[in-house]
Amino acid sequence: MFILICLSGLLALDTINGDSQLRVETSASGAFDSMGLREFRSKRQFHANHHHSFDCWDGSNSGDPKCNTTTVGTVATETTTTFRVTPDHFSAYGLTQSQLDTLAETLKIEVKVIDNLIMDKTSHVVKTTLRNDGNVPIPASGWRLYFYSMLRVYPDVFPANMTKELEFEHIRVGMVQGDLYYIEPMSGFKPLPAGFARDYNIIVYLWSVQRTDFMPLWYVTSDDASVQPRVVQSTLSLNLDYVSDFDDVRQWKRWRDDRYNPFTPQERAERLAYDYTNVEAKFIIPTPKSLQMDRQKSMTSFNSSWKVFAEDSIFNDTAMYIKEKLQIQHSISKPNAYVIIMSYKTNMEPEGYILNVDANVIRLEASDTAGMFYAAQSLRSVIDGARGAGIPAMTVHDAPRYGWRGMLLDVARNFHSLDDVKRLMDVMALYKMNVLHLHLSDDEGWRLEIEGLPELTEVGGKRCHDLLENNCIIPQFGSGPFANSSGSGFFTKSQYIEILSYAKKNHIKVVPEFDMPGHCHAAVASMERRFRKTNSSAYRLVDPDDKSTYMSAQNWKDNAINPCINSTYAFIGKVMDAVKALHAGIRPLEIYHFGGDEVAIGAWEKSPRCVEFLRANPRYNNYHGLNNYFVERVAKLAAERDLSLGGWEDDFSDGFTPLPAVDLSKTDLYVNPWNNIWKWAGGRNAYKFANAGYKVIITQATNIYFDHSQEPDAEERGLYWATRFTDTRKVFDFRPDALYDNIREDRDGNPLNKDVFCTPLLCTPLEKTENVIGMQGAMWSETIRTSENLDYMIFPRLLALAEREWHKAPFEQTGESSRSDWLSFAKAVGEKEFQRLEENNVQYRIPPPGARVASYKVTVTTTYPGLGAYYSSNNGTTWQHIGVNQATAVTWNNAGSILLRTTNAAGTRFSRSVKLSRESSGTEFLSIFHPHPITPTWDGKPPITVTVTGSNVTPSQNSFVNSTTTSSTTNISVSTTSDNSKTTSYDTPSTTRSIVTTSSTTSSTTFSMRTDSSTSPSTASSNATTNSPTLSTTSSTATTTTTASTSTLRVSTPTMTAGSKTTKPHDNANHTTHSTRSTTTETTTTTTATTTTTANPITTTTTLIVTTNFTINNTEAPCEDLKECALFGRDICLDDPSNNTYLPFAKKNCPLYCAFCKPTSFVCKDVNPACPSFDDGTLCTDKAYTQWVYENCMVYCHVYPCNGTVPTTSVF
């Protein structure tokens, strides 16, 4: 047996002929100390069949001289000498704790969305980079990296198979379930050297356009189960810094027809182009039915010397509330002045009130305690608005629009604390909202302690790395491996009672929801743990013999409780009884909400108990039959306990129409219709349920789901499945009494016309208006982990929600624009309500500013009056105040840009920052859509000088000009000057291989020029005139020059260096490839006779990009979207039989797309007919392809598997 020392490489042990051969580091190296190498005594600690390789840790062979292999001696079988070794395959032992700690600290994760458009509307490509920022190699085995994806990874593989082996990359991607996945090395994976990185392109379902689509707290584990997992430190930040920016159209658009782009400051300024000069802010939010003010009377001065007096004892609690909130005294006798008098008044609407201010006496009148409480809230608003000044004489008559004015808070996906819930209720009360819907259970957590079922919170109330789920639920939504994040937590019985008491004080009804029969993974896992512990099936939720395979919408395979076993209903009854007991003595439980949404197709199909049940009860043997049976049983349980039953629209339906209410026992049924995505044909469901006798709470996803982002911007938090974004204005503009008036756009962003869209089938009329009892916002919490996140997403949208729940605006009745009412609302929010929110410790969202640039001065606008703004010229290092709505001179940085952000009135909180450019240039615009501009060189002899001349050629500030109709002919001449000053002038005809296009077709042409110097980019546009401080041209007599020559233009793509490895860009949109064997494309053009108008030629060393927009008569397919050429992917340049109208036109008239959106023409050289989708061949079968191809183009092979021969030599 020999001991081998490899100074720079792998330390390994192999067993050959029964002898353990060891290679250990020398004392000179010491490089492996930080990995905490395992100490062992004698070879008996290693089993003979453990595999250990002789490769060095940098991937080289041990025979390489750089390993400095040296024979030191022989180790006898029973030696007790201590050696420090690290095998390169830890199949038995895995990494030690010290090694795993180091791996977690030094592994740099970077994630970048590459392309949402290449596989339009089906999947997208995500590049995951693993970089070793440590001092020692990352071993070839013994570890596993866990990550999260709300969208299914490799949707063509999972869940039929639960692993996907990437044989070229030598990694295995595995799916646990839910959003938890892992990556682990396979045989053949080489240790990742220090300072090196590897990229893995992974296919993910649908699309990803937001940073918060990704999750924090990735973690690593060891194959040694005794080693504790560790969070990868590069993913620790909840700001998701490891996710690359979304700065390309293929990243921020969901699909090719997606019309949404991130708002620029200029676009935001246009959206905010409001004049508040003569706008009167709303005096009270929500707006009362009637407010009459008499400014002729003297003002009332309010201060702490005032008293509150209740004439009727039923209002004593409200009197104490006023005493607390207004910091005044409670009087047991009625003073004559400086008093708030609370009086009972008969014959008023439920929850209605009268507020009168006159001559230093404030009188509040109501016929119920809720009405008096809301009178107090209006009084608080009036006093807060006065801010120490006098209160005008006024009379307010008010009552709510709806009796149900609710807000849902999801504490299951991510837990939110008792303080969070109280803070939310404080603000709900402030704006007269009266229902808190608590989503207390879901797949990812059970959040309420239930008497007699401790496992629900002991297991279901925590998330941690426990794949057997004996102690917790598996990690989800970036909760990490330990039960110390927002993934863990629950309300104890005493805390829930505290919530109920606090809610009662604020006149809020709490509606608890326990989602069933789907969304039940946490409950199922908890009860399975109880079964294993007690061997009792009393509350078991699954049929142990069920062999059904299914996958829920959230990628769970075991989240549907079985409706065919009695123990399911024993469990539900016990939960109902326990929750009802908690409500008793505070405010009796009225409604039990059972959820009932998104039950996976295929659940229970192979359950013997369900097969037996359906055989005995054939009327349920149909689509949705078992779901309907489940609802009937739960409704019966609720009725037996004098409870009403609430649920989402899904399970109150047979899949097509509402279940007959009379079939669901003798209980009131409350339904939350959510699906109003118009093209899904669900927008009619609310009225269908109302007509069927259900009590309907409008909970429409497109307008009042607060988990959706507030701008179409990747830096905004939230989801976007129902609509691309929902801002406060969209909530404010919602018209709940006329749902079809909200038909305005589809998910693409295309306008919809109600009169065209609505047919009797799609727009069921409302017949029983009395059954629409209210509306409710929803705050689902998949991406919401902190109190700050929660406030950011809810506020100020909740104020607009409260406005619509309480007040029916005139614009709703007339069908007119909400603009005037919005201005009054927004002014009140900015000048008063934000301060009130701050006094309630609410960290509301401050929207980023808009801005315009004129004569290099900046005019900043804000969404709400009263907000301020700052700018930075040094990338946020320091900030300077800038005025709002006034042109201000600023200091621009060298790139001609600044950062802007909005601030609250106090200057203590800020919006996210946005970039404003001094001037818009063609190359800046192009770089947004194509990250790798083409760089021409002339026959390999740089530099070249490109001279552009033409009649009336003047610079333009616009990047692209819209198509215009003109009868003139634009004649363009391009002359090139090489390093020997030889000049050649030429024109080229329209062709897909041309870099310059001239045409006598009606057109307007824009030249975009990018200099290689520090000069700011500029553009020159024909037939357009703008002012420019640096460039100008004048017309002169045309000179005709005739030349005849042949020139060759070489186009090369720039290289990008990552670490010590050079890579090249991959144009996924066009399925082109780039080879390191050749770095240029030759395009040959023959020049023809040219007519040139010479007028003070603009000469600069540039990249010349010509974009021609055509308007063709008698066609329905103009090139108006040519500037977004990347949207077309490869299809515009190929013969796509699915589009016979547009593509022939585009190929004929839009050649510049093919010229510029395909930066090279390199294609696969060995054609394989098994992969016809690729341009001229496939990547999968060409053994000669280079390392770059394998590392950057393997996505194609994963998406379009080839039947050819796989390369025998891997470069990974």
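Figure 1. Ser 855 is exposed, with a relative accessible area of 71%. In this predicted model, Ser 855 lies in the loop between E31 and strand E32 (857–861). Its phi is positive, about 50 degrees, although Ser 855 is not a glycine. Asn 875 also has a positive phi, of about 60 degrees, and is not a glycine either. The loop that holds Asn 875 runs between strand E33 (868–872) and strand E34 (880–882). With 65% relative accessibility, Asn 875 counts as exposed.

**Figure 2. The chain as a whole.** The secondary structure comprises 24 helices and 52 strands. The chain has 1212 residues, of which 60% count as buried. Of the contacts between residues at least 6 apart in sequence, 74% join residues at least 24 apart.

**Figure 3. The stacked pair Phe 514 and Tyr 592.** The structure holds 46 aromatic pairs. In one of them, the ring centres of Phe 514 and Tyr 592 are 6.0 Å apart and the planes meet at 20 degrees, so the pair is stacked; the cut-off for stacking is an angle under 30 degrees. Phe 514 belongs to strand E25 (residues 509–516) and Tyr 592 to strand E26 (residues 591–595), so that the pair links distant parts of the chain, 78 residues apart. Phe 514 is buried, at 0% relative accessibility, and Tyr 592 is buried at 0% as well.

**Figure 4. The stacked pair Phe 834 and Tyr 844.** The rings of Phe 834 and Tyr 844 are stacked, with centres 4.2 Å apart and planes at 5 degrees. Phe 834 is part of helix H20 (residues 819–839), while Tyr 844 is in the loop between H20 and strand E31 (850–854); the pair therefore ties together parts that are ten residues apart in sequence. Phe 834 counts as buried at 3% relative accessibility, and Tyr 844 is buried with a relative accessible area of 1%.

**Figure 5. An aromatic cluster and two charges over rings.** Tyr 569, Phe 594, Phe 613, Tyr 620, Tyr 629, Phe 630, Phe 652, Phe 689 and Tyr 694 form a cluster linked by ring pairs. Elsewhere, the charged end of Lys 432 sits over the ring of Trp 806, 5.6 Å from the ring centre. Arg 540 lies over the face of Phe 531, with a distance of 3.7 Å to the ring centre.

**Figure 6. The nonpolar cores.** The largest nonpolar core has 128 residues, and Phe 571 and Ile 572 have the most contacts inside it. Neighbours within four places in sequence aside, Ile 572 is in contact with Met 516, Ile 561, Tyr 592, Phe 630, Val 634 and Leu 637. A second, separate core has 61 residues, including Ala 140, Leu 192, Leu 240 and Ala 714.

Figure 7. The UniProt record, an unreviewed entry, lists Glu 598 under "active site". Glu 598 is located in the loop between E26 and helix H11 (608–616). With a relative accessible area of 29%, Glu 598 is partly exposed. Residues up to four places away in sequence aside, Glu 598 touches His 519, Ala 553, Gln 554 and Asp 650.

**Figure 8. The surroundings of Arg 413.** Arg 413 is in the loop between strand E22 (404–410) and helix H6 (418–430). Arg 413 counts as buried, at 4% relative accessibility. Its side chain makes a polar contact of 3.3 Å with the side chain of Glu 782. Not counting residues up to four places away in sequence, Arg 413 touches residues that include Asp 442, Glu 444, Arg 447, His 519 and Trp 780.

Figure 9. Ile 473 is placed in the loop between helix H7 (455–458) and helix H8 (493–505). Ile 473 is buried, with a relative accessible area of 0%. Ile 473 and Asp 443 are 30 residues apart in sequence, and their C-alpha atoms are 8.9 Å apart. Leaving aside neighbours within four places in sequence, the contacts of Ile 473 include Asp 443, Val 459, Cys 464, His 521 and Ala 525.

**Figure 10. Two cis peptide bonds.** The peptide bond from Phe 158 to Pro 159 is cis, with omega near 5 degrees. Pro 159 is found in the loop between strand E8 (143–148) and strand E9 (163–166). The bond from Phe 795 to Pro 796 is also cis, with omega near 10 degrees. Pro 796 is in the loop between helix H17 (787–794) and helix H18 (797–806).

Note on methods: Residues are numbered from 1 along each chain as its sequence is written. This is a predicted model: local features need pLDDT of at least 70, side-chain atom pairs count only at pLDDT 80 or more; totals for chains, interfaces and linings use all residues. Side-chain values use heavy atoms; hydrogens and water are left out. Rings of Phe, Tyr and Trp (its six-membered ring) pair if their centres lie within 6.5 Å; planes under 30 degrees apart count as stacked, over 60 as edge-to-face and the rest as tilted. Helices (H or I, at least four residues) and strands (E, at least two) are DSSP runs, numbered from the N terminus. Buried means under 20% relative accessible area, exposed over 50%, partly exposed in between (1.4 Å probe, protein chains only). A charge sits over a ring if NZ of Lys or CZ of Arg is within 6 Å of the ring centre and within 35 degrees of the ring normal. UniProt positions are given in the numbering used here, feature names are shortened, and annotations may be inferred rather than shown by experiment. Contact means heavy atoms within 4.5 Å. A nonpolar core is a set of buried Ala, Val, Leu, Ile, Met, Phe, Trp, Tyr and Cys residues joined through side-chain atoms within 4.5 Å. A polar contact is a pair of N or O atoms within 3.5 Å; within protein, one must be able to donate a hydrogen and the other to accept it, and residues adjacent in sequence count only if both atoms are side-chain atoms.
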